[in-house]
4 protein chains.
Amino acid sequence: MKNTFGSAVSLTIFGESHGPAIGAVLDGLAAGLPVDETFIADRMDRRRARGDGLSTARTEADKVEFVSGVLDGRTTGTALTLLVRNTNTRSGDYAKTAALLRPGHADYTAFEKYEGFQDARGGGHFSGRITAASVAAGAVCERVLRDLGVRVYTHIARCAGIEDAPLSSAAGLVLSEPEPGRFALLDPEREAPMQAAIRAAGAEGDSVGGVLETIVTGVPAGVGEPWFDSVESTLAHLLFAVPAVKGIEFGAGFAMADWRGSFANDAFRMRDGRIVTATNHNGGVNGGIANGMPIVLRTVVKPTPSIYRAQQTVDYPARRDAELSIQGRHDPCIVPRAAVVQNTLTAFGILDLLSVRYGTLAQKHGLPRD
Amino acid sequence: MKNTFGSAVSLTIFGESHGPAIGAVLDGLAAGLPVDETFIADRMDRRRARGDGLSTARTEADKVEFVSGVLDGRTTGTALTLLVRNTNTRSGDYAKTAALLRPGHADYTAFEKYEGFQDARGGGHFSGRITAASVAAGAVCERVLRDLGVRVYTHIARCAGIEDAPLSSAAGLVLSEPEPGRFALLDPEREAPMQAAIRAAGAEGDSVGGVLETIVTGVPAGVGEPWFDSVESTLAHLLFAVPAVKGIEFGAGFAMADWRGSFANDAFRMRDGRIVTATNHNGGVNGGIANGMPIVLRTVVKPTPSIYRAQQTVDYPARRDAELSIQGRHDPCIVPRAAVVQNTLTAFGILDLLSVRYGTLAQKHGLPRD
Amino acid sequence: MKNTFGSAVSLTIFGESHGPAIGAVLDGLAAGLPVDETFIADRMDRRRARGDGLSTARTEADKVEFVSGVLDGRTTGTALTLLVRNTNTRSGDYAKTAALLRPGHADYTAFEKYEGFQDARGGGHFSGRITAASVAAGAVCERVLRDLGVRVYTHIARCAGIEDAPLSSAAGLVLSEPEPGRFALLDPEREAPMQAAIRAAGAEGDSVGGVLETIVTGVPAGVGEPWFDSVESTLAHLLFAVPAVKGIEFGAGFAMADWRGSFANDAFRMRDGRIVTATNHNGGVNGGIANGMPIVLRTVVKPTPSIYRAQQTVDYPARRDAELSIQGRHDPCIVPRAAVVQNTLTAFGILDLLSVRYGTLAQKHGLPRD
Amino acid sequence: MKNTFGSAVSLTIFGESHGPAIGAVLDGLAAGLPVDETFIADRMDRRRARGDGLSTARTEADKVEFVSGVLDGRTTGTALTLLVRNTNTRSGDYAKTAALLRPGHADYTAFEKYEGFQDARGGGHFSGRITAASVAAGAVCERVLRDLGVRVYTHIARCAGIEDAPLSSAAGLVLSEPEPGRFALLDPEREAPMQAAIRAAGAEGDSVGGVLETIVTGVPAGVGEPWFDSVESTLAHLLFAVPAVKGIEFGAGFAMADWRGSFANDAFRMRDGRIVTATNHNGGVNGGIANGMPIVLRTVVKPTPSIYRAQQTVDYPARRDAELSIQGRHDPCIVPRAAVVQNTLTAFGILDLLSVRYGTLAQKHGLPRD
């Protein structure tokens, strides 16, 4: 289903950038789970643009409005629907250049797919704006995971050519939540040079991309399936839904192309009476199934396609070559804002996988732990 | 659904390495499509082990037996079921070391998930053997795509540290099918050094991995969906089902992390009255939807986890550290054999995406072309 | 998926009776289809209570508000989301007797399923109120079907013990739409006695039920599937979602239990160069697949469980027998209002079945006709 | 998906009447569940034709062959695939009259849907033969339900105009399994007159139908969903997949059309510290969710369409009226054999619903009971 994904828990996403609202339906939740508005607001805040030269000048209140499935701060067990209003829209910016296909965007594919009936204002359904709805829904899931002892953490592994500190060890990871308003980094010292590099690109009317790394701890071994409902298939399916994501890898990922098996294999060891792996090159997943180690994945976020520099393109209705200078308000880099999108969508995916194995009721009553 | 994937066309995979047979159910095909046994046998042959020091000594006839959905060489339109018998099984090899978790394999996760009831012989449902069923089913789809003007081609982009020649140009790609029995390479001269590097690793009781690149041509612009049924989500979901795949990227993929938007964006241009892109860094997909350019993706295949060198591990029932020396018959590298697995699964995914847009009947009656 | 159904086109329903709004997401529509607000308002009007002694005194404006997927009166091709505000809510009516399980309602099952966290106000997600959202979404589909030459018509076959005139002939059916505000009857003369019988039951603090019959014309032979996506499975799945529906039959249905095959079989005949059946005892479906004759189904709608007469029940938290006198505003009969619910949900189901066979694009470009 | 149904547990059915085998894939089972071949053989035996004038002379061994997912008599937790070989096929019987559309059968719809490429031999995928695969798969589920304290029982409520004894009371039902080889009846005395009536119809070259009633006990209150995954929607979807089923009703079903609410409502009462209903007119389901009372449903099975009497029909390729005298081997009544089909498919549906709520693991570790 096009805008719906999930098995035991499902997520439906809808809305357009300049429509009245975007939103989501989250179905398959147990009743009585906390819908923690403070937590959700924190997640929304991390996605919000700040109009500070690092992100778009379009700033939105991003208040989450619950339409169904919530009563007195708790889930009712029926479909949870939420809306996020679009307020700060300036469709005029787009109208002027609507005939010119923006390179790297979905303008052309939308024309072909929707035969000219697409809502092109602000990118319509293709806008990164839509991710605000997934953040709100995923934040509900992330909050539920906390009570189940599962944590999801995403940091900017690389941005504008600058790397964060590496995850030092596979086991015993203690991750602290980044302060709101700061970049999600293992090493906060890297924020200043990253910001500088982003601003430099922005000053040249250009944009930059990066890599986001997500770590999930607390998932019991045995969750996920061989073949099509593998942890990797599920999370990859979800994260490729995020605009600008063009790749994903688990554990050591592409680096393993040049490794030998003797190095790539994660040796099993007993530690404190539990089975662990000495390394985590497989990113917590063997045969599609969680092995109890942290689940580690990285995505690449391409540089924002909206740039101010003039670009070669085509006038679609006129069917002729043209030059485009994009107006509107855009991010020179969406990587910092995308971190929380990845984090919350991953949380949704993990909650779904847990619910298949342990049942809907386990969302409320807890996972069996040794 | 665990072993089932697809929307308009669905694929269900079943079987264990040492069970009587593995197989697949392919549903949602139109009636009257060719089930070309010669073509399918060719695909099966490309996956077959040769017992030549490059792949496992377990060789199988891999004859595809149709149980339903085929009559007189044509699909009947109902669920197509096929079996591939397992004949050359030596379960004894595994029984000796069944208590010792093979690093990099799914032994541990299977124990946790299936509570000791898994079929552990030869890796059971986690074995690469199961991919033979997906090759057979995907070959049916690939053959159907040919009549629709869609071609899928996979080559070994990198293996054992040696690279194939790069795809030279995004448009106007003319790809020739590799000869059976040869590595799938753009530059056949690279086969000898690749083979040498694989054999060198095998001689040391070790294994190597690589990168597989797939190119799909002929998919009309407009196929695929924003959000969860994107071309990328669909193909990533499918390909992460393949054992040993730990990453996937589309177009320039992870390289774009360090690029600027002005370089990453693919400029649109008119060429011979058609809209194309001057480059193809987005791998033929914008906003999740095919843009008419070749769809290009790469996966990383980790080095085969089965190696002959002694490895540290855990005795699962005894819950103590142990050392494992794997017996059995194994591939020092599965990349060459995995190429056709990726090719045929991709073909299945593309046929599903086309069928959603154009309907089941279009599989038989053709796609609308300008 | 709990609140989502459909293959090529999917429908997600959400909302509670006394929440801010109810709504629906309709996904898988082609772009450029008419979203005809007049037509939709007509369908909403037919479901509306009139507060006239025949239906509940809770009357709602039932204005349909489009949140996504619609621009300038046409579908954009992305998920269409609509809301219907709840305005005339009087939750106090329910609070007084919340501990007492209403017989025939979902109070008890909601307590058990949702462990006390359900939204019990006005029946919450179980309220017939929620059907307003499905009417709005189904009306969009029904309108699309019209342009495809497919008509859906539902009449009250029986209510409060009074029968409508029978469908006289299987083929060549010409059905006229009932006037708004009137009962949907083949014979308008039956409305007066039906109204009288309903009022009589209401006057005694009681309620009545009935049978709704739906006829679909214009579906080409070949639509639907054997086994699980049969026309019957699909429509039954949808219609059992409607509160109070407790049975469904196709064609002659339960009457065939006592028939002989020689009478039940529909003889095929050539008529004007087309293949038709002389009778339509199978209700337009053979082997799960439409045969080109009108699709005919009937559902039974049980008498409204909310009645004013005192009833025996249980005090749930106190776990003791109790007596309940229901307050609030209720329909002595929901059959007349349910007719349009059945009609529009059937329209959705038929549009989905057509889209699987002919593709999403056919919704806009038309079905192939001989 | 056409031949696949289910959420947490899914069932895929394949095969044709005269193909090499029919079969099923049952996915989503926990590991370690009993696969009780004696129990399964008993279920297969109840579906088997006896060639005794009551059912077709085509008798099959109906040995169930497990291809995957079973080891040492237990599920392995991966997709369970089974085959039932077709041995006693006489395709020649059909070839003679292949151009003549059999009334009441799917010949015409298959021609239209599959454009002449269908496997028409013995009815192909539309044959009642295919239900043998669903019986085998459903028997696995029924056996699992037993260990969970859930029983499913189906009797012939009516056949050839003769009724079985009625279910006497809603609660405290003690149902005994019918002896193999006997009709499934509450009152065994009714078998002789039913047999006589069936034989009488058969002797006239005609056929008869009937009504099958299924009772499920032991399902905890709270299972099932409002809207699309209601107990009724799920079971109706499944049972309309069975050839010849043309109607389904729950509880009092169609009888409620003429009832008043005060009679139809099931009063709640405390009994032995548990909440029960005094009557069970709603068939154990309120608001789509099980209420802990026996789930009761009835289907109508139309008279077998294959009759020996001459029938009017059409020669499909010649497009002209014709007369058909069916050859081949047919049942004058399939109701007795269909009982176990309904029973086992219902068992599958119930196991799926339980697994959604309590998780896959609960299949093995038991349901929470008060």
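The model is predicted: local features need pLDDT of at least 70, side-chain atom pairs count only at pLDDT 80 or more, and totals for chains, interfaces and linings use all residues. Residues are numbered from 1 along each chain as its sequence is written, chains are lettered from A and ligands numbered from 1 in the order written, and side-chain values use heavy atoms, without hydrogens and water.

Chain A first. It has nine helices and 18 strands, taken as DSSP runs (H or I, at least four residues; E, at least two) numbered from the N terminus. The C-alpha trace of chain A spans about 70 × 50 × 35 Å along its principal axes. Its radius of gyration is 21 Å, which agrees with the value near 21 Å for a compact globule of 370 residues; the radius is over C-alpha atoms, and the rule is 2.2 Å times the number of residues to the power 0.38. Of the 370 residues in chain A, 70% are buried (under 20% relative accessible area, 1.4 Å probe, protein chains only).

Now chain B. The axes of helix 1 (residues 37–47) and helix 8 (residues 335–358) of chain B come within 7 Å and cross at roughly 140 degrees; axes are lines fitted to C-alpha atoms over the stretch in contact, with angles from 0 to 180 degrees between N-to-C directions.

Definitions and conventions: Buried means under 20% relative accessible area, exposed over 50%, partly exposed in between (1.4 Å probe, protein chains only).
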